[in-house]
Structures are given as structure tokens and as C-alpha cells.
Amino acid sequence: MNETKKGFIQLHLSVMLAGFTGLFGRLITLNEVDIVWYRMLFTSAILLVFTGLPRIGWRKFMQLCGCGALLGFHWILFYGSIKASNVSIGVICFSLIGFFTALFEPMIFKKRFSGLEFLFSLITVAGVLCIFSLDARYRYGIAIGVASSAVCALYAICNKKASVGVRSRTVLMYQMSGGLVAMTAIIPVYLFFFPCQQPVVVIPEGSNLWFMLCHSLFCTVGMYLLQIQALKRLSAFTVNLSYNLEPCYTIILAFLIFGEGREINFSFYIGIALILFSVLLQTLRAWKR
């Protein structure tokens with residue numbers, strides 16, 4: 001098998017593992033803060049075994065920890081959206097990351113504002129608005145999902161700058177560890193303003209423990225390491241483009257496993273079509289460039 005074929009196999013395995021993230025959010029019956037805290041704890045422990053504690057500058061360390069805090073907060077909102085609605089809506093709201101990136105990136109990096117990128121992102125917004133017309137019981141989950149994508153856009157922009165010159169495993173190690181400390185401080189404040197439906201569990205047990213371990217090992221460490229290996233054999237554009245398939249994998253799996261197709265109406269499909277159309281336009285523009 002040549003290196004390119006091996007890279008594509010690794011890439012699509014990582015995308016499929018990413019697609020299971022939302023499913024674990026539904027399978028694990030813990031609340032969103034428990035899921036995030038234990039995901040970061042188990043991931044940090046696994047990475048500590050493989051990477052140890054590499055030495056980096058204090059400023060770089062603080063930047064990575066700050067990115068980890070943003071990632072943890074994004075995960076809390078993402079899982080909160082799934083708990084308040086369903087898996088399909090949670091991952092669809094995540095597609096708004098392009099819209100928020102088009103807004104935030106020019107402000108943070110002092111770049112020229114791209115009207116065309118913003119226009120493409122508005123098509124995604126229109127798709128989410130179509131989905132928003134669903135039963136009122138889903139609107140709270142959609143609102144949390146939109147906030148989750150905004151925080152994730154900030155994380156992606158900050159991570160792009162903070163991770164320069166640092167090995168990928170080291171980046172992930174300090175982000176998970178810093179995020180774990182930050183979440184320990186943030187969770188009580190979050191619970192005060194947004195009480196969870198499920199009680200806080202001190203130690204997960206039974207199926208929740210096994211699901212959490214699998215979630216950390218496969219959908220965090222495994223997914224990330226496969227992505228690193230794929231990047232050694234394929235272009236960054238190919239890797240990023242393939243990750244547009246993640247919501248599609250998740251929605252198909254949610255329809256098959258949880259029967260979520262029975263819970264949605266025609267406007268949901270219109271919304272998905274608009275979002276995919278937006279992704280297609282952005283892909284064609286990137287391919288031209």
C-alpha cells in the first residue's frame with residue numbers, strides 16, 4: 001500500500017471517530033459538565049503516559065492552557081445542546097463555526113474582512129434558521145448549540161496562533177490539562193446559571209465509565225493521532241475538506257441508532273441542504289484558490 005492510500009485510510013478513520021463524538025454525548029447519561037470534566041481527565045492521563053511533560057516556555061504554556069479552557073467550554077455547550085435537543089441538531093449548529101470565524105478572525109488577526117466568505121456563511125445561517133422552525137422544545141438546545149459554535153470558532157482562531165512551533169501531542173497534552181483545571185473552576189459558575197437536568201456524578205460507573213473511557217481513548221486521543229499521521233501524507237486542505245463529512249456521519253448514525261429521523265420535519269431537510277450548499281461553495285472557492 002502506498003503512502004497516499006494509507007493517509008486516506010487514516011484520515012477517514014479519524015473523521016468517522018469524530019462522527020461518534022455526538023453519539024457518545026447521547027449514550028452517556030451523565031450531564032454535560034461531567035462528560036467534559038472526565039473526558040479531559042482521562043485524555044490528559046492517557047497523553048501523560050505517551051508524552052510525559054515536555055518543557056515549553058511559560059507564555060506558550062499559558063496560551064495553550066487558555067485554548068484548552070475555550071475548548072472545554074465549547075464541549076460543555078455542545079453536549080448541553082445535545083442533551084436539550086438531539087444529536088442531529090447539536091452537530092448541525094456546529095456548522096455555524098464558519099460564520100463566526102468569518103466575523104472573529106479579521107478582528108483578532110487584523111485581517112481584511114472577506115465579504116464573500118461572510119456571504120457563504122450567511123447561507124449556513126439561513127439553514128440553521130430553517131431548522132430553528134422545529135418544535136419549540138428544540139429551540140433552547142439550538143440556542144446553546146449556536147453559542148457552542150461561537151466559542152469553538154474562538155478556540156480555532158486562538159489555537160492557530162498558540163500551537164505554532166510546538167509538537168501536536170504536546171499541544172493536546174497541555175490543552176487538556178489546562179482545560180481540566182479551568183473547567184474545575186468554571187463548572188460551579190456554569191451550574192449556578194444553567195442547572196443541569198441530571199444530577200452531578202462524582203465518579204462515573206457502569207456503562208457510563210466504559211463509554212467515557214472509549215470516548216477519551218478513541219474519539220479524542222485516537223482521532224487526533226490519526227489526524228496527525230494523515231497530515232504527514234496528505235495536504236492540510238484535503239484533511240480540512242474531509243472533516244466537512246463529520247456532521248453527515250453523525251446524523252446518519254443518529255438516524256440509524258436512535259431513530260432521530262422520526263423527530264424532524266421537512267424544514268430540517270431544507271436547512272441541511274442549505275448548509276451543505278454553503279460548504280460546497282466554500283470548497284469550490286478554496287479549490288480555485
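I started at helix 12: its face turned away from the buried side carries the exposed residues Ile252 and Leu256. Exposed means over 50% relative accessible area, buried under 20% (1.4 Å probe, protein chains only). Helices here are DSSP runs of H or I with at least four residues, numbered from the N terminus.

I noted the source next. This is a predicted model, where local features need pLDDT of at least 70 and side-chain atom pairs 80 or more, while totals for chains, interfaces and linings use all residues. Residues are numbered from 1 along each chain, and side-chain values use heavy atoms, without hydrogens and water.

I listed the buried residues of helix 12: Glu246, Pro247, Thr250, Ile251, Ala254 and Phe258. They cover an arc of only 125° around the axis, so they sit on the same side of helix 12. The arc is taken from the directions from the helix axis to the C-beta atoms. I looked at what follows helix 12 and found Gly259, with a positive phi near 65°.

I then turned to Ser148, in helix 8 (residues 139-162). Ser148 counts as buried because its relative accessibility is 2%. Its side chain makes a polar contact of 2.9 Å with that of His74. Such a contact is a pair of N or O atoms within 3.5 Å; within protein, one must be able to donate a hydrogen and the other to accept it, and residues adjacent in sequence count only if both atoms are side-chain atoms.

Last, I checked the whole protein. I found 13 helices and zero strands. Buried residues make up 47% of its 289 residues.

Conventions:
Helices (H or I, at least four residues) and strands (E, at least two) are DSSP runs, numbered from the N terminus.
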